[in-house]
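Please look at the sequence and the model before reading on.

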Amino acid sequence: MTFRDEVAQIRMKNILDKEKEFIFPEFIRCIRKSLNLTRKNMAKEIGMHEMKLYYLETGHFKRIPEISTLSNLADYFHIPKDILVRKAKSFVEDKSKEN
């Protein structure tokens, strides 16, 4: 494991320890940034269109993202899928209450 990988793991652990403080878009963005990835690079690595990742990171969606999308992100980040599903569902529900 390289030094960069070790630093990324520490950052990821810090984010996961505080995961309840983040809403879904912030959570995705913070994890990506902790891995020192651009949106373009990360989207390419997980086979997602960059614009879709942009929408997820900025909260420009009205319904829960597809399970396959959340599953791909969870696998890529090495985190439990239920965290992303729960956070996405909560975000959409809170957003719908505002409208």
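Which residues in helix 3 (residues 39-46) are buried? They are Met42, Ala43 and Ile46, where buried means under 20% relative accessible area, exposed over 50% and partly exposed in between (1.4 Å probe, protein chains only). The model is predicted: local features need pLDDT of at least 70, side-chain atom pairs count only at pLDDT 80 or more, and totals for chains, interfaces and linings use all residues. Residues are numbered from 1 along each chain as its sequence is written, and side-chain values use heavy atoms, with hydrogens and water left out.

**Chain overview**

- The chain has six helices and zero strands; helices (H or I, at least four residues) and strands (E, at least two) are DSSP runs, numbered from the N terminus.
- From the N terminus on, the order of elements is α-α-α-α-α-α.
- Of the 99 residues in the chain, 37% are buried.
- The accessible surface of the chain is about 6600 Å², and carbon and sulfur atoms account for 53% of that surface; the areas come from the Shrake-Rupley method with a 1.4 Å probe, and for residues only the protein chains shown count as cover.
- Of the contacts (heavy atoms within 4.5 Å) between residues at least 6 apart in sequence, 56% join residues at least 24 apart.

**Helix 3**

- Met42, Ala43 and Ile46 are the buried residues here.
- They lie on the same side of helix 3 because they cover an arc of only 100° around the axis, taken from the directions from the helix axis to the C-beta atoms.
- Lys40, Lys44 and Glu45 are exposed on the other side of helix 3.
- The cover over the buried residues of helix 3 includes helix 2 (24-34), helix 4 (50-58) and helix 5 (67-77).

**Helix 3 against helix 5**

- Two packed helices are described by the angle between their axes and the distance between the axes.
- Helix 3 packs on helix 5 at an angle of about 105°, and their axes are 10 Å apart; axes are lines fitted to C-alpha atoms, for helices over the stretch in contact, and angles run from 0 to 180 degrees between N-to-C directions.
- Helix 3 is therefore roughly perpendicular to helix 5, given that angles under 35 degrees count as roughly parallel, over 145 as roughly antiparallel, 65 to 115 as roughly perpendicular and the rest as oblique.
- Helix 3 contributes Met42, Glu45 and Ile46 to the contact, and helix 5 contributes Leu73, Tyr76 and Phe77.
- Five of these contact residues are nonpolar, none is polar and one is charged; Ala, Val, Leu, Ile, Met, Phe, Trp, Tyr, Cys and Pro count as nonpolar, Asp, Glu, Lys and Arg as charged, and the others, Gly among them, as polar.

**Helix 2 against helix 4**

- Helix 2 and helix 4 pack at about 120°, with their axes 6 Å apart.
- The two helices are therefore oblique to each other.
- Phe24, Pro25, Ile28, Arg29 and Arg32 of helix 2 meet Leu53, Leu56, Glu57 and Thr58 of helix 4.
- This contact has five nonpolar residues, one polar and three charged.
- Among the buried residues of helix 2 are Phe27, Ile31 and Ser34.

**Loop residues with positive phi**

- Most residues other than glycine have a negative phi.
- Asn36, in the loop between helix 2 and helix 3, has a positive phi near 55°.
- Asn36 counts as partly exposed because its relative accessibility is 48%.
- His78, in the loop between helix 5 and helix 6 (81-98), has a positive phi near 60°.
- His78 has 71% relative accessibility and so counts as exposed.
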